[in-house]
Amino acid sequence: MYRSVLLSHRLPDDLVYDILTRLPVKSLIRFRCVSRSWYCTITDSDFITKHLDRANLLSKSNSNNGCLLCNPYRNGQYSSSDYLCTFVCNTDRTLTEISRFEFPSYDECLVGFSNGIICLANYADESSHILYLWNPSIRKFKRLLATPLIGPFDNAAFGFGYHSQNNDYKILRFVFFRTYCGVKFPPAEAEIYTLSTDSWRRVVISVESFCGTGPNESVDFIESSLCLFFNGALHSIAYSQDHNFILSFDVNDERFRKILLPPNYLNGVSVYTQYLAVFKGSLALIVFGESVAESSNICHIWVMKEYGVVESWTKRSVPMGEVGCFFGCTINGELLIEKYGDTQTQSFAFDPESLNAEILRIPEPACMIYTANFVESLVLLDGLNISSQSEK
């Protein structure tokens, strides 16, 4: 009789499934132990995708202004710490630390973040072929081995993106060679890692214009060690012979395309550094340098209003003290920068409209990335060759 009452009050399976998709990751990890059927449900790839979709919808409805993922320096040392801090950017411009996770390895740098997955890389020559895909929420990671650098003048650059058409993840790794003593080295090469196949492939960098016209060309050098993921593609500033341009790699069709930089954007400025960023939903070029006419530090913010259309570049110039590092732009268009002081460096959120600079009260970052939509997910829970941090 008692058993019959329990069965009559049992929730339908589809309702249980729907409830589970709404639960936080931490609870779902525990609930795998409830029963075999729940374990199979929670670790199923379709469930993981459904849970992620709900998490993304919830994240977009939140009232915060995104999150900072920060790897601080060790106290008193010029080396990164072994943990990741996550800070929510509140609407009142304050920051709240919501989590702190231990890295799966040491001296790693943040390459990118997508759907709860963080890509990590080491820029030391002897370790630059070792990368990680890491889901800190479930304490799972995947160690990846690319082709090791072999020459003394080899360099590597990385990008991490989400393949929306196939619900997959890809890493793009450039290997390029600096010119030394007038000796010309071969063109840059590229490797692509795909999570679903758990494999690397070498690809030829044959660049076509964004509109598909003009001759294809090779790439000699990549300026930044990180690629910007935007509009389904990874972007970097590339050099070919005597000119530079934005090199985009579409993670869906795996084609390299050329996007022209603003015409004569270097006129009148002695450039210190330049970065690609997403500024209020558009591709942007942030140039820090010294105004030749006024001999003062300045920042040029070039925004491409229509993606891929060179005529749509617009410029805003703002006075700016010497910048040590640039970490990106918030969803509101604030520049996340680091300045050198007399005794210490300080991180700021700089508003180019009001010219106000808000101090970011966080530990000094060895590396930091900003994400407008931070979510925790179950991605990597169902994969092969996945390691657990508890096994270390």
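**Strand pairing, cavities and salt bridges in a predicted model**

Strand E7 (residues 140–145) and strand E27 run antiparallel and are joined by two bridges, where strands are DSSP runs of at least two residues (E), numbered from the N terminus, and two strands pair if DSSP finds at least two bridges between them. Within this pairing, Lys 140 stands opposite Ser 388 in E27. The structure is a predicted model, in which local features need pLDDT of at least 70 and side-chain atom pairs count only at pLDDT 80 or more, while totals for chains, interfaces and linings use all residues. Residues are numbered from 1 along each chain as its sequence is written, and side-chain values use heavy atoms, with hydrogens and water left out.

Both strands belong to an open sheet of five strands with antiparallel pairing, in the order E4-E5-E6-E7-E27. Strand E4 (109–114) and strand E27 (387–388) stand at the edges with a single partner strand each, so one side of each has no neighbour in the sheet.

Two cavities of 30 Å³ or more are found in the structure, a cavity being a set of points on a 1 Å grid over the protein atoms alone where a 1.4 Å probe fits but cannot get out, with lining residues having an atom within 4 Å of a point. The largest cavity holds about 60 Å³ of space, and its lining includes Leu 69, Phe 113, Pro 136 and Phe 374. The second largest cavity has a volume of about 30 Å³, and strand E19 (282–291) and strand E20 (296–304) each supply at least two residues of its lining.

The whole structure contains 14 salt bridges, each defined by a side-chain nitrogen of Lys or Arg within 4 Å of a carboxyl oxygen of Asp or Glu. Glu 353 lies in the loop between strand E24 (345–350) and strand E25 (357–359), and Lys 280 in the loop between strand E18 (269–279) and E19, so the pair ties together parts that are 73 residues apart in sequence. Glu 353 is exposed, with a relative accessible area of 52%, whereas Lys 280 is partly exposed at 44%; here buried means under 20% relative accessible area, exposed over 50% and partly exposed in between (1.4 Å probe, protein chains only). A salt bridge also joins the side chains of Asp 253 and Arg 257 (3.1 Å, N to O), of which Asp 253 is partly exposed at 34% and Arg 257 is buried at 14%.

Methods: 1 Å grid on protein atoms, 1.4 Å probe; cavity = no way out; pocket = protein on both sides within 12 Å on 5 of 7 lines; lining within 4 Å. Points joined across faces, edges and corners; volume = space filled by probe spheres on them. Helix = DSSP H or I, 4+ residues; strand = E, 2+ residues; numbered from the N terminus.
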